[in-house]
Every structure is written in C-alpha cells, then in structure tokens.
Protein chains: 2
Amino acid sequence: MTRLTRDDIVVASGKRFATYGYHGTSMRDLGDDLGILGSSIYAHVGGKHELLVAVVERASDLFSASAAAAIALGGDPDDTLKALVAGHIDVLVDHAAEAKTFLNEAWFLEESDRLHVIQIRNDYEAVFRRTIQLGVDDGTFRRGVDVEVASIYILSILNAIERWFRPNGRLDRAELATDMHRFIVEGLT
Amino acid sequence: MTRLTRDDIVVASGKRFATYGYHGTSMRDLGDDLGILGSSIYAHVGGKHELLVAVVERASDLFSASAAAAIALGGDPDDTLKALVAGHIDVLVDHAAEAKTFLNEAWFLEESDRLHVIQIRNDYEAVFRRTIQLGVDDGTFRRGVDVEVASIYILSILNAIERWFRPNGRLDRAELATDMHRFIVEGLT
DNA sequence: CCTCTGTAAACAAACGTTTGTTATGCTCCC
DNA sequence: GGGAGCATAACAAACGTTTGTTTACAGAGG
C-alpha cells in the first residue's frame with residue numbers, strides 16, 4: 001500500500017477535470033481514481049476548489065516558462081515564433097490534462113483566482129503580439145497584419161490541438177510544429 | 001402572465017449551458033431564469049438531458065445549413081472558402097449560446113446522441129477538406145498543403161471566435177471574415 | 001369540461017464537507 | 001534496541017444541502 005501525496009491528488013484531479021469538467025467531477029470520483037474514499041482527500045487539501053487552483057497554476061507556470069524560454073533564445077522574430085509554437089505544443093502534449101483544464105475550466109475559479117489567471121494568460125499572449133510586431137517592423141511579416149487578431153488566430157490554432165492531436169497519430173509533434181509554423185507564415189498559398 | 005413554450009426553455013437552456021456548462025446548470029437555475037419553478041420545466045420536457053440534445057441539435061442544423069449554402073453558391077474554391085468562413089462566423093455570432101454549447105458541452109450527451117453529433121461535425125469538416133483539396137488541385141492553393149490538418153487549423157480559428165469576439169468590438173463581423181480569410185490564405189506574409 | 005401550464009411539496013440519490021477513530025510509521029530518549 | 005509520543009493517512013459514518021425528478025393539485029382558456 002503506497003500512500004498518497006498532495007501531488008498525486010492534484011495529478012488525478014487534472015485528469016478528471018480535463019475529461020469530465022470541474023462540475024462533472026465529484027470528490028468520490030476522485031477518490032475512486034486514487035483508491036481511497038472521497039472524504040480522505042480532505043487530509044491533503046482544504047477543498048475541491050483548491051484542487052482546481054492547483055491544476056490551473058501548474059499549467060500557467062508551464063506556459064509562462066515556455067514563453068520565457070522562447071524569448072531567451074534571442075533569435076529573429078521568426079525564430080522566436082517557431083520556438084513559441086513548438087513550446088506551446090510541448091506543454092499541450094506533455095501536460096495535456098493540466099493544459100486542458102487551464103483552457104476550459106479556469107472560468108470556474110473564484111473571482112480573484114480567475115482574474116489572476118486572466119492576467120497570466122494576457123501576459124503570455126503579449127509575448128506573441130510583441131514577436132509578431134517585431135516581425136512586421138523588420139519586414140519579416142507583411143505590413144498591415146492586424147497584430148492583435150493574428151495573435152489570437154495563432155493561439156486559437158495552438159490551443160485547439162488539445163481537441164484533436166494524438167501523440168501516436170499520423171504526425172509527431174515535430175512535424176506538427178513545422179507544418180503549423182508554415183501555415184501561420186504562408187497560409188494556404 | 002405570458003406562458004412559456006418548449007422553445008423558450010430550450011433558448012434559456014442554451015444560454016445557461018453556454019455560460020456555466022451542462023453540469024454547472026441546475027433545473028432550478030433554469031427555472032429562475034424563466035420565472036418559474038425548476039420542477040415546472042417537466043411539463044415541457046422529459047428531462048435535463050433532453051434540453052442538451054435540443055440545444056446541440058439547433059446548432060448542428062445551423063452549421064449544416066451554412067455549409068450547404070456555401071456549396072450552393074457554386075463559385076471557385078476560394079469563393080467557397082470565403083462563404084464557409086463568413087457563414088461559420090454568422091452562426092457563432094447570431095447563435096452564440098447554442099454554438100458554444102455545441103462546441104463545448106456535446107461531449108456530455110449520451111453515447112448515441114454524441115456519436116450522431118460527431119458524425120454531423122465530421123460531415124461539416126469534410127466540406128472544408130473537399131474545398132481545400134479542390135483549391136490545391138486547380139492551383140489556387142499550394143501543392144503540399146496537408147488538407148486534413150489545414151482544415152483543422154481553419155476550424156480552430158473559427159471555433160475560437162466564441163471565446164473572444166464581441167459584436168460591438170473593434171471589428172465587425174464583415175471585417176473579421178475578410179481578415180480571417182486573408183490570414184488563412186496568406187498567413188503572416 | 002378538458003387540456004395545458006404552472007405551483008407546492010416531497011422523493012431518493014448525490015453532493016461537498018466534517019467528525020471521530022484507527023492504522024502506520026518516524027523520531028526521540030532511556 | 002525498544003517503547004513512548006506524535007504526525008500522517010486512511011476509514012466509517014454522518015452532516016446539511018442540492019441534485020434531478022415525481023406526484024398531487026390549482027387555475028386559466030379554448
């Protein structure tokens with residue numbers, strides 16, 4: 001009988017929340033996944049909402065770290081964009097449950113936590129905006145690109161990965177990153 | 001005292017499901033929105049799951065109709081793509097609640113209904129795939145486009161609209177459709 | 001009068017959570 | 001080295017509330 005840590009419970013929560021949603025998950029469901037009673041979870045956490053906070057926090061840390069790493073590379077805007085795309089894919093593939101919960105369930109956080117997440121998400125998006133703007137300024141990308149909206153398009157493509165990509169499918173993550181970057185830069189032509 | 005129809009209840013359900021999710025909505029919540037008791041809803045529908053079916057069905061009908069209309073126009077592949085994009089935006093803007101529920105909550109339908117929705121969604125996606133393939137064949141789009149994945153990219157951008165677009169924002173829907181079509185065809189360059 | 005839409009009250013089940021207790025180790029001290 | 005003492009992690013049972021749903025009944029309109 002191996003005993004459980006708070007971390008084990010957060011991981012299991014992420015999976016449940018990602019699959020069935022926060023409101024679609026009961027403490028007893030979670031207990032079943034972990035092989036303990038639902039009530040026993042309260043020895044590790046103060047309540048259900050704390051688990052959502054923990055899962056979402058994990059994901060937002062990963063995304064933030066990915067953006068920081070892409071910037072730290074210090075190449076031209078197109079290189080940074082490549083790194084941002086590849087990094088986002090890595091987070092989504094390697095931490096699918098947390099990322100999915102972050103994208104779909106953060107809305108159900110309490111006011112203050114939710115505002116904090118929105119802040120982090122906006123900071124992350126700002127890295128995309130700045131990168132594209134730099135690319136427009138130095139002529140890598142066309143003048144007249146609506147930087148704000150283009151960032152949203154790119155993140156839309158990236159975030160949707162969670163809904164269709166399977167690691168053992170036709171494409172591996174490297175092919176996906178390459179193909180996606182090309183689509184973003186060149187479109188269908 | 002204006003009396004309610006089944007339709008009124010389905011509309012209210014759509015809004016609630018879109019905002020709080022299927023599991024985050026109770027029959028009493030719904031009753032409050034409608035100004036009646038939660039239990040009174042059972043005079044109109046057989047159960048909560050029936051409401052989800054009705055809302056999702058509405059949305060899928062709208063999407064199917066949009067695709068059919070785009071094809072009926074009968075222009076070249078790029079014209080069809082333009083119409084598909086504009087039509088998708090129209091559905092998402094004019095029927096936001098139903099569309100959002102369709103995109104995010106259909107997973108919680110019972111097995112058979114869920115499979116039916118997946119079928120419809122796949123048919124809809126197939127229209128995008130066919131259109132792009134035609135464009136590749138006649139030279140409108142570049143050879144080497146991964147048609148399957150490109151369709152997913154485009155639908156990813158389209159479906160995410162629900163998460164950020166506000167009808168009274170900086171862009172109206174016509175500008176959005178134009179900008180989005182250009183991004184899809186030309187990318188950042 | 002009869003159907004339809006609503007209320008009122010209740011149902012069993014499931015919900016998040018609390019409480020009291022037990023089993024299992026770890027650490028310190030004789 | 002072996003108890004004593006304590007923290008941890010779990011169970012078992014119950015708490016009060018909310019859930020989806022059912023039943024009995026009232027009023028209003030065609």
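A salt bridge here is a side-chain nitrogen of Lys or Arg within 4 Å of a carboxyl oxygen of Asp or Glu. B:Asp78 and B:Lys82 meet that rule, with their side chains 3.8 Å apart, N to O.

This is a predicted model, in which local features need pLDDT of at least 70, side-chain atom pairs count only at pLDDT 80 or more, and totals for chains, interfaces and linings use all residues. Residues are numbered from 1 along each chain as its sequence is written, chains are lettered from A in the order in which they are written, and side-chain values use heavy atoms, with hydrogens and water left out.

**Chain A in outline**

Chain A has eight helices and zero strands. Helices (H or I, at least four residues) and strands (E, at least two) are DSSP runs, numbered from the N terminus. The C-alpha trace of chain A spans about 60 × 40 × 25 Å along its principal axes. Chain A has 189 residues, and 49% of them count as buried. Buried means under 20% relative accessible area, exposed over 50%, and partly exposed in between (1.4 Å probe, protein chains only). Contact means heavy atoms within 4.5 Å. Among contacts in chain A between residues at least 6 apart in sequence, 67% join residues at least 24 apart.

**Salt bridges**

Side chains of opposite charge can pair when their charged atoms come close. Over all chains, the whole structure holds 24 salt bridges.

| Pair | N to O distance |
|---|---|
| B:Asp146 and A:Arg170 | 3.1 Å |
| A:Arg182 and A:Glu186 | 3.2 Å |
| B:Asp78 and B:Lys82 | 3.8 Å |

B:Asp146 lies in the loop between helix H6 (111–137) and helix H7 (147–164) of chain B, and A:Arg170 in the loop between H7 and helix H8 (173–186) of chain A, so the pair joins two chains. A:Arg170 is exposed, at 54% relative accessible area.

A:Arg182 and A:Glu186 both lie in helix H8 of chain A, four residues apart, about one turn of the helix. A:Arg182 is partly exposed at 38%, and A:Glu186 is partly exposed at 29%. B:Asp78 and B:Lys82 both lie in helix H4 (residues 77–94) of chain B, also four residues apart. B:Asp78 counts as buried at 18% relative accessibility, whereas B:Lys82 is partly exposed at 41%.

A network of salt bridges links A:Asp90, A:Asp94 and A:Arg173.

**A buried charge without a bridge**

A:Glu162 belongs to helix H7 of chain A. A:Glu162 is buried and has no salt bridge. The nearest side chain of opposite charge, A:Lys100, is 4.1 Å away. Leaving aside neighbours within four places in sequence, A:Glu162 is in contact with A:Leu92, A:Lys100, A:Leu103 and A:Asn104.

**Charged patches**

Patches are made of residues with over 30% relative accessible area and no salt bridge; like charges are joined within 9 Å, and nonpolar side chains (Val, Leu, Ile, Met, Phe, Trp, Tyr) within 5 Å. Lys and Arg count as positive and Asp and Glu as negative, while His and the chain ends are not counted.

A:Asp76, A:Asp79, A:Asp137 and A:Asp138 form a negative surface patch. A:Asp138 is in the loop between helix H6 (111–137) and helix H7 (147–164) of chain A, and is partly exposed at 45%. A positive surface patch gathers A:Arg121, A:Arg163, B:Arg121 and B:Arg163. A:Arg121 is found in helix H6 of chain A.

Notes. Areas by Shrake-Rupley, 256 points an atom, 1.4 Å probe, with all protein chains shown as cover. Charge placed at Lys NZ, Arg CZ, Asp CG, Glu CD.
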